Amino acid sequence: MSGPEAGWSQSARALAAGKLMLAWVALLWLLEVVDVATGHALDGFGVTPRDPSELVDVVPSSFIHFGFAHLAANTVPLLVLGFLAALTGLRRFLLVCALIIVVDGLGVWLIAPDRTNTAGASGVIFGLFGFLLVSGFVERRALGVLAGVLIAAIWGGSILTGLAPTQTGVSWQGHLIGLAAGVAAAFVFRRRPEASRALTAP
């Protein structure tokens with residue numbers, strides 16, 4: 001890894017990842033407070049499929065929720081999975097999240113059912129799950145493989161449930177596309193062998 005993060009200690013990296021995720025979640029809660037205070041005016045930033053004017057909402061939709069219960073359900077997995085993914089490098093983490101958000105939003109715009117409005121961080125959560133699940137295998141890192149196995153054991157059941165098309169009011173399409181985008185991100189932003197060597201070079 002090159003750049004300012006290369007010389008960071010593990011504790012500094014963990015502190016930065018923690019601050020980033022706390023700030024992200026705080027932003028989501030602040031937005032939901034504003035949404036409620038304005039009579040849910042922000043709900044319009046969700047994605048309505050196949051309407052060209054809705055393409056501007058592809059990114060904002062990942063930061064909007066339909067009520068505090070919706071947001072609360074996403075808060076813990078976003079914090080945990082985001083923190084673990086950010087430990088691999090903040091710059092890479094932000095690129096991974098950007099890819100997931102854009103691909104997931106566009107996918108929802110393309111294939112979600114007519115007359116639906118889709119929003120929330122769950123697409124990002126499913127994407128981060130997919131990224132963490134396979135990145136260790138892609139990069140042949142034992143610690144990453146172990147992390148992926150543990151994450152699958154803890155969150156796998158919830159992820160499978162979220163992919164079921166029988167759930168009412170849940171965008172299984174957004175979950176599936178987010179998961180696929182996260183897996184793709186593990187390949188697109190994988191650490192190269194020379195980057196791994198640079199971490200241990202004297």
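Which backbone nitrogen does the side chain of Asp35 reach? In this model, which is predicted, the side chain of Asp35 comes to 3.4 Å from the backbone nitrogen of Asp43. Asp35 itself belongs to helix H1. Although buried, Asp35 takes part in no salt bridge, and the nearest side chain of opposite charge, that of Arg115, is 22 Å away. Setting aside residues up to four places away in sequence, Asp35 touches His40, Ala41, Leu42, Asp43 and His65.

Phe45 is classed as partly exposed because its relative accessible area is 37%. Beyond its neighbours within four places in sequence, Phe45 is in contact with Asp57, Pro60, Ser61 and Ile64.

With a relative accessibility of 37%, Leu55 counts as partly exposed. Together with Val59, Val102 and Leu106, Leu55 makes a nonpolar surface patch of about 280 Å².

Let me now consider charge pairing. Side chains of opposite charge can pair when their charged atoms come close. How many salt bridges does a search of the whole structure find? The search finds 4. One of them joins Arg50 and Asp114, at 2.5 Å from N to O. This pair links distant parts of the chain, 64 residues apart: Arg50 sits in the loop between H1 and H2, and Asp114 in the loop between helix H3 (90–111) and helix H4 (122–139). Arg50 has a relative accessible area of 36%, and is therefore partly exposed.

Finally, a network of salt bridges links Arg92, Glu139, Arg141 and Arg191. Within it, the closest N and O atoms of Arg141 and Glu139 are 2.5 Å apart. Arg141 is partly exposed, at 21% relative accessibility, whereas Glu139, at 12%, counts as buried. The salt bridge between Arg191 and Glu139 has its closest N and O atoms 3.9 Å apart. Here too the pair links distant parts of the chain: Arg191 is in the loop between helix H6 (172–188) and helix H7 (193–200), Glu139 is in helix H4, and 52 residues separate them. Both partners, Arg191 and Glu139, are buried.

Thank you for your attention.

Key:
Residues numbered from 1 in each chain as written. Predicted model: local features only at pLDDT ≥ 70, side-chain atom pairs only at ≥ 80, totals over all residues. Heavy atoms only, no water. Patch = residues over 30% accessible without salt bridge, like charges linked within 9 Å, V, L, I, M, F, W, Y side chains within 5 Å. Areas by Shrake-Rupley, 256 points an atom, 1.4 Å probe, with all protein chains shown as cover. Buried < 20%, exposed > 50% of the residue type's maximum accessible area, 1.4 Å probe, protein only. Helix = DSSP H or I, 4+ residues; strand = E, 2+ residues; numbered from the N terminus. Lys, Arg positive; Asp, Glu negative; His and termini not counted. Polar contact = N/O pair within 3.5 Å; in protein donor to acceptor, adjacent residues only side chain to side chain. Contact = heavy atoms within 4.5 Å.
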